[in-house]
Amino acid sequence: MKHLAVLATVCLLLTCSLTARADDNRKQRPTREQIIECQCKDIVSDLKLDDAKAKSFTDTYKSYQDELKAARDKYGKRNKKRSEMTDDEIEQDILNRFAMSKQIVNVREKYYKKFRKTLTPRQIQQMYEREKKGYERMRNEMNKRKSGKEKKQYHKKGCGDSKCKRESND
């Protein structure tokens, strides 16, 4: 009888442990809106904008991100892997990427004029650099998740990045 009670307790503990682990694996990912809100706060902080400029910038930046997403969504989806595509499908994919790139450039030009009403060219450049770093971080994180292990990040010698994997004597 004691063995049965011990076995039941062990089974219960294992079940609880596995359930908790499964819940950890399904953590809530932030929504797109939450990510953009976080980006806005970071950029506003980096650019040291006052409240009025921050509000104007945030509204413009959110619209900018929405239009960029619409351009990517319009052309960016593929139904097949490239290795499974015919030559005609590959050609159409290439032409779609050209069209998407043109539309993205048009959106960036349109919003440059809007950003320019609030920000200096230097601040806009800082915003673009911050945006680029965010995309690189996101791409690195996605690659890390796909491969199941951390990818090495290579930086220039003496880059000063504390996460840099490259040895300083290279």
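Predicted model: local features only at pLDDT ≥ 70, side-chain atom pairs only at ≥ 80, totals over all residues.
What is the nearest cysteine sulfur to that of Cys40? It belongs to Cys38, and it sits 9.3 Å away. A disulfide would need the two sulfur atoms within 2.5 Å, so the count of disulfides here comes to zero. Cys38 is in no disulfide, and Cys40 is in none either. As for Cys38, its relative accessible area is 43%, which makes it partly exposed.

**The salt bridges**

Side chains of opposite charge can pair when their charged atoms come close. How many salt bridges does a search of the whole structure find? The search turns up 11.

| Salt bridge | Closest N and O atoms |
|---|---|
| Lys55 and Asp59 | 3.1 Å |
| Asp93 and Arg97 | 3.5 Å |
| Glu131 and Arg108 | 3.7 Å |

Take Lys55 and Asp59. These residues are four apart in helix H3, which means about one helical turn separates them. Lys55 counts as exposed, at 53% relative accessibility, while Asp59 is partly exposed at 38%.

Asp93 and Arg97 are found in helix H4, which covers residues 87–116. They are four residues apart, so there is about one helical turn between them. Is Asp93 buried or exposed? With a relative accessible area of 8%, Asp93 is buried.

The bridge between Glu131 and Arg108 joins two helices: Glu131 lies in helix H5 (residues 121–147) and Arg108 in helix H4, so the pair ties together parts that are 23 residues apart in sequence. Glu131 counts as buried, at 6% relative accessibility, and Arg108 counts as partly exposed, at 30%.

There is also a network to look for: salt bridges link Asp42, Asp46 and Arg130.

**A residue with a positive phi**

Most residues other than glycine have a negative phi. Lys48 has a positive one, near 55 degrees. Where is Lys48 found? Look in the loop between helix H2 (32–47) and helix H3 (51–75). Lys48 is exposed there, with a relative accessible area of 71%.

Methods: Residues numbered from 1 in each chain as written. Heavy atoms only, no water. Buried < 20%, exposed > 50% of the residue type's maximum accessible area, 1.4 Å probe, protein only. Salt bridge = Lys/Arg side-chain N within 4 Å of Asp/Glu carboxyl O.
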